[in-house]
Structure formats: structure tokens, C-alpha cells
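Here is a short briefing for a reader who is new to this structure. Take the topics in order and keep the 3D view open.

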Amino acid sequence: MQFEVWAPQADRVTLQCGDSTRALARDPDRPGWWTGEAEAQDGTRYGFAVDDGPVLPDPRSRRQPDGPDGLSAVVDQGRYAWRRDWAGRGLPGAVLYELHVGTYTREGTLDAAADRLGHLAELGITHVELMPLCPFPGRHGWGYEGVSLWAVHEPYGGPEALKRFVDRAHELGLGVVLDVVHNHLGPSGNYLPAFGPYFTDTHQTPWGSAVNLDAPGSDEVRAFLVDSALAWLRDYRLDGLRLDAVHALVDTRALHFLEELSTAVDDLAADLGRPLFLIAESDLNDPRLIRTRKEGGLGLHAQWNDDFHHALHTTLTGEGQGYYADFARAPLAALAKTLTSGYFHDGTYSSFRGRRHGRPLDRTHVSAHRLLGYSQTHDQIGNRALGDRLSAALSPGLLACGAALTLTGPLTPMLFMGEEWAAGTPWQFFTDHTDPELADAVRRGRRREFAAHGWAEEEVPDPQDPATRERSCLDWSELEPGPDNAVHTRVLAWYRELIALRHRQADLTDPDLAAVKVAYDEQARWLALGRGDVRVAVNLGKDPAVIPLGLRRARVLAAWEPVTTPGADGLLNLPGESCVVLTQA
């Protein structure tokens with residue numbers, strides 16, 4: 001079997017494979033690469049030593065059976081027998097579901113999560129978006145401190161378990177998206193610097209030295225990241241990738257890394273004959289991210305739209321601290337702007353940043369499906385001191401209104417796991433660092449961060465306490481029949497009804513942002529959304545509201561509370577904290 005590793009500054013590189021050790025030779029055709037052959041099969045442990053240093057895992061390791069600090073293991077990608085062919089499932093018309101493997105079930109494995117995928121198919125979900133799966137120290141964590149960017153966290157089940165998960169999802173008609181982190185690696189178990197200039201001090205990020213995308217040696221670093229992305233899509237038959245915090249990818253080269261990546265993914269899609277897509281997380285509000293390359297953009301296929309979340313969150317909760325401040329001044333106006341223009345900050349002044357932010361989205365060139373809309377995500381829940389969900393503070397009626405605006409709005413909807421039944425469990429920040437000093441630093445840092453916002457130290461959950469992760473696991477017993485679960489049952493039925501409606505009513509997946517119409521009353525706290533012949537009305541106030549819909553003959557498609565259709569005057573009487581979806585009769 002051929003082994004290879006990039007170590008451009010090394011004088012010698014040795015391979016330890018099984019019980020044998022041998023020197024590698026320089027590759028005459030690829031500067032900085034070392035190659036050699038050794039007998040190996042699926043599961044054989046191996047690693048590389050640079051200049052007589054310790055034996056380290058392969059930077060391109062496909063499996064770390066003993067964790068990030070252990071040897072790598074050979075993976076035979078052809079060993080798994082896929083149960084079905086998959087033609088792919090594109091992003092237009094999608095409803096996504098963000099899922100964390102370690103807390104979706106108490107078992108915290110890919111196999112246990114796969115056993116629960118039938119729930120998502122019945123809900124009407126089209127794609128499961130898995131939070132990061134790369135290996136990290138310990139057993140439990142969010143996944144954003146992964147280090148082996150080609151491998152699957154072994155406690156989740158390793159590479160074979162991911163293939164079983166994807167196979168089961170595809171059997172149910174569900175696409176699978178994976179969250180990948182290219183902007184940094186975790187602080188523990190990162191051995192890339194021992195091999196080459198994977199990082200550069202030319203730029204600094206919140207995590208320290210930046211991933212090297214534009215300094216000497218960056219050609220191979222970019223290839224490392226692009227090849228990793230293609231491997232996930234090809235070898236695990238994934239449908240798309242979510243790219244974490246692309247605003248932290250510092251690249252001054254003429255050909256931006258994201259454009260290089262999107263080109264490679266589009267080429268792979270053409271080769272495989274199935275749609276593939278990239279979804280960016282970005283706080284730049286820069287439409288060039290999702291503009292096509294032919295139009296001078298970077299060619300990514302979609303992005304998370306936090307502006308929609310912030311506007312909806314302030315509208316529902318009344319919160320106005322931190323980055324919510326600009327949205328909270330006139331929350332319904334902010335929400336209306338995101339529903340019709342995509343971004344709220346499109347060159348406007350951001351008090352949180354102390355400067356202008358964003359640029360306008362050209363609605364004639366950018367399809368609405370390229371923006372993801374959501375009321376909750378792992379970030380927006382887990383980065384709160386107590387990890388409290390909206391269901392901890394809002395009435396069922398307001399939860400229903402949030403769901404209606406997300407699932408009937410123009411943006412591609414995404415749910416966070418458990419949201420669909422108003423889960424009573426929090427989702428908190430938890431870690432399992434094996435380094436005691438790092439564990440203590442994370443614990444103290446977390447408490448210091450929230451102490452600045454008035455939280456007492458003992459109120460902030462200890463990330464290292466196993467109970468913090470346990471509290472964050474979904475409680476599937478909340479879906480069992482019974483009076484104690486009446487709210488969960490009702491909210492779940494509402495989500496199912498709205499998602500089915502979105503799939504059934506073509507107006508609700510119309511990609512034209514310019515065709516979306518919104519009316520609202522900031523004081524009375526109602527908003528009406530027009531999507532072709534469909535009208536969506538939400539009353540966020542406690543008192544009944546009279547809403548001019550302009551429909552004189554209407555039919556109710558879905559209602560949280562019983563309503564009477566508008567009369568000849570076109571006025572809708574809507575109960576407090578309630579919502580309705582109607583269409584022209």
C-alpha cells in the first residue's frame with residue numbers, strides 16, 4: 001500500500017506501519033511530499049515521524065481509533081456495501097434540521113441517531129445537517145474543536161457508522177449535510193504544525209494564528225482543505241457541507257479559497273451526476289458569497305442568515321442586548337426587511353460593531369432559497385448562559401408564530417433539533433477536555449464571559465461536568481401520549497402541518513424575494529406576509545387584532561387557533577398570540 005505525507009521542511013520522514021518502520025523517500029514530482037510502500041489493510045495502525053521526532057497521526061488520517069493523540073488507521077473505503085443508490089437532493093425547496101449526534105439521543109452515537117431518522121422523515125424534513133464529526137479529545141463536545149479533518153469521531157462510531165447513517169437517511173429520502181470547520185483546529189491534539197506551514201502568523205483569528213491560505217506553502221494547505229471537503233462528499237455520499245465561520249478564513253490571494261472550493265465541488269457534482277452544495281456561515285452580509293462565479297461571486301450555494309434570526313428573536317422575546325439592539329428598536333420593521341430584502345444590515349450602521357455593515361442583496365439575481373432562515377440554532381441557544389431554548393420563555397402560541405414565519409417565509413427553513421416539539425431540555429455548552437489545564441481554562445473563561453453580563457459564577461453550568469451534556473440530551477419521552485405532553489404534541493402537529501403546507505403550496509417556495517409582500521403594525525404587534533395567493537398572519541400581542549389582509553374570499557390552510565375568514569371588508573380577526581395561513585378561495 002502506498003503512503004504519503006506533505007512535510008516540506010523535513011530532512012527525513014519515517015513511516016511506522018503495524019510492527020514495521022521504514023524511511024520514506026522524497027517524491028521527485030511533488031516538492032515537499034514523501035512517499036513509500038508498506039503492507040497494510042483496513043484497520044492497520046500507522047503514523048509518521050518527522051526528523052526523528054515522535055510518531056504522529058497522518059494529517060490526512062481517515063480514522064483515529066484511539067483518539068486524536070493515537071496512531072491513524074487505514075480505511076478501505078470500498079469495504080462498505082451501500083444498500084441503495086442515491087440520485088441526490090438539491091437545496092431548492094429544502095427544509096433542513098440541525099442535529100448534534102452526541103445529544104440527539106442519550107447514547108450519543110450515529111447508529112442511535114439513525115434509528116430516530118424516521119421521526120424526521122415523518123416531520124417532512126428534507127436534509128439533516130450534522131454538526132461537526134471530526135475527532136476531538138474526550139467523548140463529548142460540540143465538535144468545533146476537531147483536529148483530524150478527514151476522520152469521524154470514534155465515540156460516535158467512526159467512518160462505518162457515518163456510512164450507515166447516510167445510507168439510512170437516503171433510504172428515507174433524507175439528504176445529509178455535514179458541518180465542517182476550516183477556520184481553525186482545536187487546541188489539543190493538533191499536530192499539523194509538526195508537518196508543515198498549515199498556519200501563519202501573517203493573520204490572527206480569535207483562535208490564534210490563521211489557517212495558511214495565502215502565505216508561503218498555502219497551495220498545499222488549500223489542497224488539504226479542498227480534498228478533505230471532496231472526500232466527505234464523495235466517500236460518504238453526503239449532499240452538502242456547511243462551512244463554519246467563513247469570515248474567519250483570511251485570504252488575500254486573487255483567487256479566494258472559497259471560490260476554489262466551490263469550483264471543485266461543482267466539478268465533483270458534475271462527475272457524480274448528483275447535486276452538491278455548500279452553505280456558508282458568515283456574519284459579513286456580503287452577497288458576493290452566494291453570487292455565482294460568472295457574476296463575479298464566490299459561487300457558494302447558500303448561507304445562514306443571522307439577520308432573520310435576530311429580527312425574529314427580538315420580535316418574539318423583546319430582548320435587546322448586544323447584537324440584538326439594532327433589531328429591537330423596531331423589531332417588526334426589521335423582520336419585514338429581512339423577509340423582503342434578505343439582510344437587515346445592508347450598509348446600515350451597526351451599533352454593535354460601531355460602523356456600517358453589509359451591502360444590499362440584488363433580489364433580481366439572488367434566489368431566496370440561497371438564504372437560510374431559522375428561529376433557533378446551536379449557536380443561538382448554546383451560547384446563552386443557561387442554554388435555554390425559546391420554549392423556556394415563550395407561550396405555545398408565540399412558538400407557533402415563530403414557526404409560521406420561518407416555515408412559510410421565503411428563506412430556506414432550518415430547525416434545531418427538538419424545536420419541533422418545544423423540547424423542555426436546554427442545549428448547553430459542554431466539553432470533555434482531557435487536559436486538566438485546558439479544561440480549567442475553558443471553565444473559568446465561560447464563567448468570566450457571563451459574569452460580565454451579570455451572571456453569578458455558580459449559575460453558569462460547568463462545561464466539563466458530565467451532567468451538562470446529560471441535561472442537553474433530547475428527552476424523547478416528551479413525544480409519548482399523555483396530558484403532561486399536551487403542549488409538545490400540539491406544537492409537533494403544528495410543525496408537521498406547516499412543513500406539509502410548504503411542500504404542497506408552490507407559492508411558499510417561490511424563490512423571488514421581490515415578490516414577497518409584508519405589512520405590519522409595530523404597536524399592535526401583528527404582521528402579515530403575502531406569498532402569491534397565500535397570506536400568513538401572526539398576532540404577537542396578547543389581545544385580538546384586526547388585520548387588513550385584502551382577501552375577500554379566503555380559505556384557511558392552517559390555523560393555530562380557530563379563526564373566521566375575512567369578510568367583504570377583507571379584515572381578519574386574529575386571536576392573541578396566534579397565527580393563520582390562508583389562500584385565495
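Buried means under 20% relative accessible area, exposed means over 50%, and partly exposed lies in between (1.4 Å probe, protein chains only). At 0% relative accessibility, Cys579 is therefore buried. This is a predicted model: local features need pLDDT of at least 70, side-chain atom pairs count only at pLDDT 80 or more, and totals for chains, interfaces and linings use all residues. Residues are numbered from 1 along each chain as its sequence is written, and side-chain values use heavy atoms, with hydrogens and water left out.

**The barrel**

- Helices (H or I, at least four residues) and strands (E, at least two) are DSSP runs, numbered from the N terminus.
- Eight strands form a closed barrel with parallel pairing, in the order E8-E9-E10-E13-E14-E15-E18-E19.
- From one strand to the next, the twist averages 30 degrees.
- Two strands pair if DSSP finds at least two bridges between them.
- Strand E18 (residues 371–373) pairs with strand E19 (residues 412–416) in the parallel sense, over two bridges.
- Leu372 has Thr412 in E19 as its bridge partner.
- Helix H4 (residues 158–171) lies across strand E9 (127–130) and strand E10 (175–180). H4 runs at about 140 degrees to E10.
- For such angles, axes are lines fitted to C-alpha atoms, for helices over the stretch in contact, and angles run from 0 to 180 degrees between N-to-C directions.

- Tyr97 lies in strand E8 (residues 96–99). Tyr97 counts as buried, at 0% relative accessibility.
- Tyr97 and Phe416 are 319 residues apart in sequence, yet 5.8 Å apart in space, C-alpha to C-alpha.
- Contact means heavy atoms within 4.5 Å. Leaving aside neighbours within four places in sequence, Tyr97 is in contact with several residues, including Tyr104, Leu120, His127, Glu129, Met414 and Gly418.
- The Tyr97 side chain also reaches the backbone nitrogen of Gly418 at 3.2 Å.

**Nonpolar cores**

- A nonpolar core is a set of buried Ala, Val, Leu, Ile, Met, Phe, Trp, Tyr and Cys residues joined through side-chain atoms within 4.5 Å.
- The largest core has 150 residues, and Leu130, Trp232 and Leu241 touch the most other members.
- Helix H5 (residues 218–235) gives the largest share of this core, nine residues.
- A second, separate core has 13 residues, among them Ala528, Ala545, Leu549 and Leu572.
- Not counting residues up to four places away in sequence, Trp232 touches residues including Cys134, Trp150, Leu178, Arg237 and Leu241.

**Cysteines**

- A disulfide is a covalent bond between the sulfur atoms of two cysteines. Here the rule is a pair of cysteine sulfur atoms within 2.5 Å.
- By this rule, the count is zero disulfides.
- The closest cysteine sulfur to that of Cys579 belongs to Cys401, and at 4.1 Å it is too far for a bond.
- Cys134 is buried, with a relative accessible area of 10%.

**Positive phi angles**

- Asp52 is not a glycine, but has a positive phi of about 65 degrees.
- Asp52 sits in the loop between strand E6 (45–50) and strand E7 (72–73). Asp52 is exposed, with a relative accessible area of 59%.
- Arg237, also a residue other than glycine, has a positive phi near 55 degrees.
- Arg237 lies in the loop between H5 and strand E13 (240–243). Arg237 counts as partly exposed, at 24% relative accessibility.

Key
A polar contact is a pair of N or O atoms within 3.5 Å; within protein, one must be able to donate a hydrogen and the other to accept it, and residues adjacent in sequence count only if both atoms are side-chain atoms.
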